[in-house]
Each structure stands twice: as C-alpha cells, then as structure tokens.
Amino acid sequence: MVQKGYGMLMQVIQIQADHVISTVFQETERGLLLIKGANQSYTSDQEMLAAIQDHATSLFDCEIRTLLALPPQAYHIKEVSLPIPDRAKLIEVLPSEINRDLGRTEPIVVDVLPNTQEGHLAIWADQAIVSSYLDVVRQAGIDPEVVTCSQLCWQYLLPEKNTESVALLDAYAITVIKDTQPVYCRVSLQPIDQSFLDNSLTVLSLTNQTEITQIYSVNGILLQVNVPPLPIPDDWYQSESFPIDAVSIYLSSYAVACSYHAEEAINLRRGSLRWQGNGSRLYGRYRLTLLLLSALILASLFYTGLAWYQAFRELNATETMITQVIQTALPGKVTKGEEYAQIQSKIKQLRSVVGTSDTLKFLTLLAQYKPSTILGVSDIDFDGNKCILRGEAQNSEAVQQLLVQLTKNGWKMEQPEITSRPQQSVLFTIRGSKGGM
C-alpha cells in the first residue's frame with residue numbers, strides 16, 4: 001500500500017448487475033468526506049463504459065486512488081480451513097486447491113479474510129472475468145489500484161465496538177458480521193427473496209452456531225424482503241451538496257474506501273493482473289508526451305541509419321574502385337597493407353624508364369617481337385643497358401621464342417627462371433644486357 005495522508009482522494013467505482021455507482025472520498029481529520037457521487041443504470045457493456053466515463057475521473061493523478069468493486073455475480077466466496085497462518089502463503093496455495101476441488105483448470109485469482117481464529121473466507125474469481133472488467137474501466141482512462149468486493153467491507157459500516165452478530169444484505173448478497181469481522185457471505189445470481197434469506201440464516205445457524213440478532217439492508221436498494229435499512233454510521237459525513245437522506249446508496253462505496261484506508265482491502269489484482277504502481281499513472285499522465293518522444297527517437301534512428309547506410313555504400317564503392325586501380329597497376333601479387341608503397345615504387349620505376357629514347361626503343365622492340373603466347377609482362381626493370389622482365393606465358397616454349405628474338409636484336413640473354421602454375425601456364429623471369437655487356 002502507498003503511504004496515506006490527509007487530503008488524499010479515493011475514487012470508488014462500484015459495478016452492480018445493472019448500475020454503476022461512482023464516488024469520490026477525501027481523507028480529513030474527521031474521517032472520509034464524500035465529495036462526489038453518482039448512480040447510473042446500464043443494459044450493455046457500452047452503456048456501462050459510458051456510465052463510468054460520465055461520472056468517474058480519469059485518475060492519472062498521483063494524489064488520487066481508484067478502487068474497483070465488482071458485482072457479486074463476478075466472484076465466489078468459500079470458507080477454507082487450511083493450517084496456514086501466513087496470508088501470503090495461503091493466497092499462493094489456494095488457487096490450485098480450489099481448482100482441484102471443483103475440477104477446474106482455468107486460472108483464478110484469490111484473496112482471503114480471516115473469519116474465525118482458525119478459518120478464512122476465500123474470495124476467488126476467474127482471471128478472465130476480472131481482466132474483462134479491467135479492460136472496460138481502462139477504456140475510460142482509469143487503471144484501478146485495487147479490485148475488490150464491497151460485501152466483505154461492510155464491517156466498516158458498523159460501530160467498532162459492536163459484538164453482536166449482524167446480517168447485512170443488498171439485492172444480491174448477504175454478509176454476516178460478528179465481532180467486527182465477516183464470518184459468512186453468500187451470493188445469489190437472482191435478486192434475494194425471503195426464501196434465500198431464510199435458507200442462508202438456517203445454514204449459518206447449523207454450521208457456525210451463530211445467532212443473528214439484527215438484519216439490515218445496505219445501499220437503500222429496494223429488496224423483495226422486509227428488512228429495515230442500515231442506519232447511517234456516526235462517522236459518516238458528506239459535503240453540503242448531498243442531503244443526508246440521499247446518501248445511503250453510497251454506503252457500500254464508503255465501506256470500500258474505509259477498508260482501503262485501513263490497509264485491509266480485499267484485492268483480486270494479483271499475478272499477471274497485479275497493479276503496476278504509480279508508473280501506470282505517470283504513463284497515463286504523460287503518455288502523449290512519451291508517444292511523441294518515441295516517434296522523435298524512431299525518426300532520429302531512421303535518418304541516422306539511412307545516413308550510415310549511404311555512407312557505407314559510398315565507402316564500399318570507393319574501396320572497390322581503389323582495389324580495381326591497384327589490380328590494374330600491380331597485376332602481380334600485392335602484399336596486404338603495402339599497396340601504397342608498391343604503387344609509389346611502380347610510379348618511380350615508370351618515371352625512371354619513360355624519359356629516355358633507349359627506353360622507348362626497348363619497349364618498341366619488346367612489343368614488336370613478343371609472341372602472342374606471352375600472356376603478359378607484369379614488371380620491367382630497364383636502366384638503358386640491362387633489363388629484367390617478369391611475366392606470364394602459356395608455356396616455356398613461348399619464353400624461349402622471346403629470348404631468341406631479343407638475342408637476334410643485339411641482346412645477350414641469360415637462362416630464364418621458369419615456374420609452372422596449376423593452370424598450366426608459367427611464370428618467368430629473364431635477365432639480359434644490351435650488346436652482351
């Protein structure tokens with residue numbers, strides 16, 4: 001529970017079989033002050049949502065709490081006597097125990113309330129049903145902190161020192177309170193009549209040996225039984241806009257607010273339905289800002305990614321062009337990381353050989369007499385008198401033909417260095433000097 005203090009507002013949305021009661025209470029030094037209340041009937045889920053939207057407040061304010069009370073038809077109440085004193089552990093064990101007893105497998109949510117020194121009243125509901133009511137309320141922009149049942153909060157409508165066994169009932173449920181604690185609760189799917197009331201009291205007297213001394217109706221709802229209305233609690237008070245004779249319809253909502261104020265409220269928001277705390281309120285309060293910020297972040301990431309992709313493509317294209325230039329300028333084996341130095345060396349070689357007439361004559365001679373079976377000359381070292389040729393030929397005979405032609409034209413050539421390749425071509429290196437020098 002959150003820390004409470006004077007001035008905090010509590011909104012109670014109480015859903016009944018055919019109407020919605022919306023109230024707002026404020027904590028004061030005197031107790032809980034009723035400052036807002038409305039009662040509206042409905043016949044469909046759409047009308048129920050409209051009733052909530054018309055009279056409830058969208059509670060994304062950190063100073064206000066929302067409590068949702070479900071109709072009696074949405075839950076079940078069962079007496080349990082398991083020897084587990086710890087409430088948290090009992091709540092953890094009960095779902096599987098209840099499903100096993102009833103032969104069920106669907107997930108349920110459970111809470112418990114002590115009704116005797118050894119026993120408890122367990123309230124349970126199908127998780128899907130609780131979730132469906134939450135979905136309707138959320139459509140109105142509200143995320144309830146607590147999902148409860150008003151019938152197990154009615155003890156707060158009686159004087160604190162009351163020791164008698166009192167039966168309180170509304171149109172669909174009866175609760176027996178003894179020593180300010182609910183000891184029995186029974187729910188009817190149809191409006192309660194005298195027969196239901198008599199059967200319930202008979203079962204109670206036989207099982208719990210509890211003698212009912214007083215019976216009252218709660219909420220001022222017209223019943224099919226002759227029961228006097230519950231007197232307005234002494235600590236109840238409301239703003240001047242509410243006449244005292246018109247507030248009895250809000251008594252159940254007042255009891256729910258009191259149970260929350262005392263930090264003893266039954267709560268079915270458990271497991272996957274657990275309330276996410278003030279984070280849900282803050283999200284609702286700033287959700288538009290968060291959506292806009294998220295859209296801005298996504299757009300920024302998109303344009304950043306697009307710019308990175310374009311830069312990557314340009315760099316990749318530039319790298320491909322550089323590789324092609326290197327392969328063209330250095331057709332032989334290129335040492336990784338030494339491309340720049342090898343290109344500089346090649347440029348120096350070309351500068352050294354291209355400026356003299358002897359060089360041009362030698363290149364012309366080489367082009368004229370190089371047989372077609374010489375696949376390429378990858379490297380030429382020429383200083384005017386000596387030359388070194390490196391390249392690739394189809395076979396060694398092609399290299400010999402080139403040597404013969406160079407010899408006939410005044411060059412003394414040494415025996416070539418020939419290396420065979422797997423593709424059946426050969427790599428060669430031949431050296432020679434002009435005029436046999």
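**Reading burial, a helix and a pocket**

Guide: Ser150 is buried, with a relative accessible area of 0% (buried means under 20%, exposed over 50%, partly exposed in between, with a 1.4 Å probe and protein chains only). This is a predicted model, in which local features need pLDDT of at least 70, side-chain atom pairs count only at pLDDT 80 or more, and totals for chains, interfaces and linings use all residues. Residues are numbered from 1 along each chain as its sequence is written, and side-chain values use heavy atoms, without hydrogens and water.

Visitor: Which residues does Ser150 touch?

Guide: Contact means heavy atoms within 4.5 Å. Not counting residues up to four places away in sequence, Ser150 touches Gln14, Ala69, Ser252 and Val256.

Visitor: Which residues of α2 are buried?

Guide: An α-helix has 3.6 residues a turn, so residues three or four places apart point the same way. In α2 the buried residues are Leu90, Ile91, Leu94, Pro95, Ile98 and Asn99; they pack against β5 (76-80), β6 (108-114) and β7 (120-126). Helices (H or I, at least four residues) and strands (E, at least two) are DSSP runs, numbered from the N terminus.

Visitor: Where does the kink in α2 lie?

Guide: A bend is the angle between axes fitted to the seven residues ending at a residue and the seven starting there. The kink, about 35 degrees, lies at Leu94, shortly before the proline Pro95.

Visitor: How many residues of each class form the lining of the largest pocket?

Guide: Ala, Val, Leu, Ile, Met, Phe, Trp, Tyr, Cys and Pro count as nonpolar, Asp, Glu, Lys and Arg as charged, and the others, Gly among them, as polar. Here the lining has 16 nonpolar, eight polar and seven charged residues. A pocket is an open set of points on a 1 Å grid over the protein atoms alone, where a 1.4 Å probe fits, with protein on both sides within 12 Å along at least five of seven lines; lining residues have an atom within 4 Å of a point.
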